[in-house]
Every structure is written in structure tokens, then in C-alpha cells.
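Keep it brisk, and give the cut-offs.

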Amino acid sequence: MRRATLILILAALALLPLPARAEAPVIPCAVIAEHPHDPGTSTQGLFYLNGLFYESSGGWGRSFVTVSDPETGRRLKTTNVDPHFFAEGIAPGEGVFSMLTWKSGIGLTFGLKDLDPRHRFAFAATGEDLEGWGLARDEDRYILSSGTARLEFRAPGTFARTGTITVRDGDAPVRLLNELEMVDGWLYANVWKSDRVAVIDIGDGAVRAWLDLAPLRARLAKGSGVANGIAWDRETGRLWVTGKKWDKVFEIGVPVLR
């Protein structure tokens with residue numbers, strides 16, 4: 001092949017569009033049931049344990065934690081959070097649950113049975129710019145989000161940092177990771193200002209699927225905020241989602257991933 005012809009072929013190839021980056025499939029949510037949810041709750045964290053919802057609601061001077069009946073939405077007990085803290089994600093531990101706060105770098109613990117404040121702990125080093133957003137727990141560690149594409153692993157008891165991972169969809173970092181929940185070995189993450197939930201392989205940070213919650217909007221009252229709140233019952237496999245100031249919590253089908 002002559003050099004001039006080769007140059008023309010290479011030039012033509014250079015003008016072709018690059019292959020699109022890999023993107024995870026989008027799975028529409030399938031609603032199984034809907035239940036009442038207190039629209040006065042600005043949901044920051046949510047989990048299910050022993051037949052109850054535990055939930056944190058954010059706001060300066062108006063944050064609280066509450067336990068409620070999943071079927072009726074009725075609050076069974078509520079504890080106000082110190083007004084110096086903005087409540088964020090929560091996750092259960094041994095006899096207590098831990099809660100992040102937004103900009104203070106301080107976490108709080110509360111009794112699972114009485115919702116009484118127990119103690120405080122630092123999750124950010126002095127001078128470290130690390131916000132608290134979402135919190136989840138797997139078998140042997142906590143998982144923390146801070147509004148970036150990075151997740152941090154923390155040791156139970158000490159809350160010491162044991163590792164980090166960056167979440168990506170194909171080659172694109174997925175930022176604004178918010179409320180977290182481990183669901184059958186996958187990490188589900190709300191993305192702030194989005195009606196999609198990222199289904200993440202916690203081993204490598206890859207988004208394997210997106211769960212589309214947009215169809216739920218038609219069932220919500222006007223003024224409902226962003227989707228934020230995922231709870232899973234490992235005993236029965238039930239999965240629930242809600243959002244900030246939503247008047248409903250939805251039980252949805254768990255997508256099957258390969």
C-alpha cells in the first residue's frame with residue numbers, strides 16, 4: 001500500500017466517532033405496594049430492623065431520628081438531635097445505630113430500643129474537609145458517602161478508615177452519592193437531585209445497573225423532594241424506597257442482576 005493512500009485511510013479513521021463508554025442498564029422500578037410516610041420528614045437515612053423503620057430527618061435546629069411502623073407510617077418514638085448538628089445517614093450496630101452529621105465531622109449514636117443519645121465519635125480528622133452524607137453496614141464494616149464519587153470503608157467500633165473506592169458508570173465517576181443500603185450483596189445508592197438509584201458492585205465500584213424511580217412521581221403529592229431513602233429486609237427480601245418530604249414509602253421489586 002502506498003504511503004499516501006495509508007495516510008488518507010488513517011485520516012479518515014481519525015474522523016470516525018469514538019466508541020461510546022459502557023453504561024449500566026436502566027431498570028424501571030416495579031411497585032409491589034405503597035404505604036403512608038410522614039411528609040414532614042426530610043429523609044436523610046433509612047433502614048429496616050425487627051419489623052420497624054429507623055429514619056433520620058435533616059435540618060439545622062430541626063433534625064430528629066424516629067422509629068415508625070412500615071405499614072401505617074405512624075411514628076412510635078422520636079428523638080430530637082442536638083441543634084448544632086444536621087442529621088444525615090444512619091446504619092445499625094450492636095444495640096445502637098450510628099448517624100453521620102453533615103459538616104461537623106462528628107457522628108452520633110442512639111439506642112435501638114429507646115432512641116436515647118449515647119455517645120459521639122469523629123469520622124473526619126481535624127482540618128479534614130469531609131462531609132457526612134450516607135451510611136450503610138455490611139457484614140464487617142461501615143460504608144460512608146460524602147457527596148462525591150468516593151466511598152469510604154470504616155471499621156466498627158473505632159470508625160477508623162480502612163479503605164476507599166471510587167464509583168464509576170463505565171469510565172465516568174458517579175458523584176453526589178447519598179443515602180446507602182446493602183441489598184443482597186449489592187450497594188444501592190441514591191444520587192442527590194436524581195430519581196435513579198445506583199446498584200454498585202462494592203468490590204470494584206462499578207455501577208452494574210440503575211434503578212429508575214421516576215415513575216413514582218405520579219403517585220406523590222406535589223412538593224415532594226428528592227428521592228432519598230432505601231431500606232431492605234434481609235429476612236424476607238422486601239425492598240422499600242422513599243424520599244425527602246415524600247408522603248409515601250414504596251415497596252418495590254428487587255431487580256435480578258447477573
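The paragraphs below take confidence first, then strands, cores, rings and one arginine.

This is a predicted model, in which local features need pLDDT of at least 70 and side-chain atom pairs count only at pLDDT 80 or more, while totals for chains, interfaces and linings use all residues. Residues are numbered from 1 along each chain as its sequence is written, and side-chain values use heavy atoms, with hydrogens and water left out. pLDDT is the predictor's confidence in each residue, from 0 to 100. The chain averages 91, and 91% of the residues score at least 70. Residues 1-21 stay under 50. For that stretch the model has five contacts (heavy atoms within 4.5 Å) beyond four places in sequence.

Start with strand β4, residues 52-57. Strands (E, at least two residues) are DSSP runs, numbered from the N terminus. Five of the six residues of β4 are buried, so the strand is largely enclosed by the rest of the structure. Buried means under 20% relative accessible area, exposed over 50%, and partly exposed in between, with a 1.4 Å probe and protein chains only.

β4 has a partner in β3 (residues 43-49), antiparallel to it and joined by six bridges. Two strands pair if DSSP finds at least two bridges between them. β4 also runs antiparallel to β5 (residues 64-68), with five bridges. Serine 56 shows both pairings: glycine 45 has it as bridge partner, and valine 65 in β5 stands opposite it. The hairpin of β3 and β4 has two residues between the strands, and asparagine 50 takes a positive phi near 55° there. The hairpin of β4 and β5 has six, and its glycine 59 takes a positive phi near 145°.

Next come the cores. A nonpolar core is a set of buried Ala, Val, Leu, Ile, Met, Phe, Trp, Tyr and Cys residues joined through side-chain atoms within 4.5 Å. The largest has 19 residues, of which Ile143, Leu151, Leu187 and Val207 touch the most other members. β13 (150-154), β17 (177-183), β18 (186-191), β19 (196-200) and β20 (207-212) each give two or more residues to this core. A second, separate core of 18 residues includes Val197, Leu216, Trp246 and Ile252. Beyond four places in sequence, the contacts of leucine 151 include Ile143, Leu187 and Ile202.

Now the rings. Rings of Phe, Tyr and Trp (its six-membered ring) pair if their centres lie within 6.5 Å; planes under 30 degrees apart count as stacked, over 60 as edge-to-face and the rest as tilted. The whole structure holds 14 aromatic pairs. Tryptophan 60 and phenylalanine 86 are edge-to-face, at 5.4 Å centre to centre and 75° between the planes. This pair links distant parts of the chain, 26 residues apart: tryptophan 60 lies in the loop between β4 and β5, phenylalanine 86 in the loop between β6 (75-80) and β7 (87-92). Tryptophan 60 is partly exposed at 47% relative accessible area, whereas phenylalanine 86 is buried at 14%. Tryptophan 246 and phenylalanine 250 have ring centres 6.2 Å apart and planes at 80°, so they too are edge-to-face. Both are buried. Ring pairs also link Phe47, Tyr54, Phe97 and Phe110 into a cluster.

Finish at arginine 208, in strand β20. Its relative accessibility is 36%, so it counts as partly exposed. Beyond four places in sequence, arginine 208 touches Ala24, Pro25, Trp186, Val199 and Asp201.

Methods
Helix = DSSP H or I, 4+ residues; strand = E, 2+ residues; numbered from the N terminus.
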